[in-house]
Amino acid sequence: MEPNCKKSKMSNNKYKQHNKKYFQAKKHQELLQAGQRGFFATCNINEKACVRECYNLLNHYADALYGPEKAPEEKTLDSVVGQDDKDADDEDDDLEAAAAKCKETLKHRKMRFQNVSTKTNNCIFIRTLLDDPVALGKHIVDDIASTGVSMSRFVLRLVPIETVCRANMPDIVNAAGSLFDKHFLKEPTSFGIIFNHRFNQQIKRDQVITQLAELVNSKNVGNKVDLQHAKKSIIVEVLRGWCLLSVIDNYLECKKFNLAELANPNGKKDTSSDDPEAKLHTVPDEPVSKSDADEESS
């Protein structure tokens, strides 16, 4: 019979090996970076299911608008070997080199939509290669509002993001400056600022709102603040050390891109709860984040 100390040591080794494999699998996920654009999604529970729903929604509507995604042209294993195979004696080396090259190509291949880690619970970011994520996001909410079907259960909000920058005032003002040129330079309009922060106490709400409002007014003196019926809403989402920025038309009228409220604008209770297919389109209420997230408008 084995001593207790030996048993505990063996169990600890198993635990360490299991954790090692888990963290090795996790560390390969792409991280949020400056300059990215995409879609910011929130959920209550089950982040994996939320990511899956985001992929389904985005691919469904992107295929309808832009056509199916085309895979980049890649050299097949046989073609690579055929080009490099000059000597029959080196065939094995060529196969290994070709296989390694194919794996490297697949590893760095960019997809139309790709989940990246925000390191923040219940906050999902789907990076996109599309030039204008706002156009796709607006098409999604318009379709959901007209059909009354959200096609999601775990996704609460799905907000298009035009740019990502570091969460410090110089970077935020710099990123917002080029973004505001596109939205506030030509014609005067009304605007509001939606500010939200999670796991970041360094960025102050009043400072962000004041400087961004001054920046908007510097683009066109006719721009005015309208908290209730803003034609353009400036979205500022701070997640740890990153800031997500976007300017969206009629954001408040679109229920702040809350898919459940768009599908059921009158808040009526679903009478088809006994229908199993109808349950697929129900979405839980917006979460009260465990972090110190608070949403304000200005």
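Two strands pair if DSSP finds at least two bridges between them. Strands (E, at least two residues) and helices (H or I, at least four) are DSSP runs, numbered from the N terminus. The model is predicted: local features need pLDDT of at least 70, side-chain atom pairs count only at pLDDT 80 or more, and totals for chains, interfaces and linings use all residues. Residues are numbered from 1 along each chain as its sequence is written, and side-chain values use heavy atoms, with hydrogens and water left out.

View 1. E1 runs antiparallel to E3 (residues 123-128), joined by 5 bridges, and Phe-39 stands opposite Ile-126 of E3. With E4 (residues 155-161), E1 forms 6 bridges, also in the antiparallel sense; there Phe-40 has Val-159 as its bridge partner.

**View 2. Packing of helices H2 and H5.** The axes of H2 (residues 47-66) and H5 (residues 133-147) lie 10 Å apart at an angle of about 105°. The two helices are therefore roughly perpendicular (65 to 115 degrees). In contact (heavy atoms within 4.5 Å) are residues including Leu-58 and Tyr-61 of H2 and Leu-136 and His-139 of H5.

**View 3. Two nonpolar cores.** A nonpolar core is a set of buried Ala, Val, Leu, Ile, Met, Phe, Trp, Tyr and Cys residues joined through side-chain atoms within 4.5 Å. The largest has 42 residues, and Cys-50, Leu-58 and Phe-113 are among those with the most contacts inside it. H2 contributes the most to this core, with 8 residues. Another core, apart from it, has 25 residues, including Leu-179 and Ile-234.

Key. Axes are lines fitted to C-alpha atoms, for helices over the stretch in contact, and angles run from 0 to 180 degrees between N-to-C directions. Angles under 35 degrees count as roughly parallel, over 145 as roughly antiparallel, 65 to 115 as roughly perpendicular and the rest as oblique. Buried means under 20% relative accessible area, exposed over 50%, partly exposed in between (1.4 Å probe, protein chains only).
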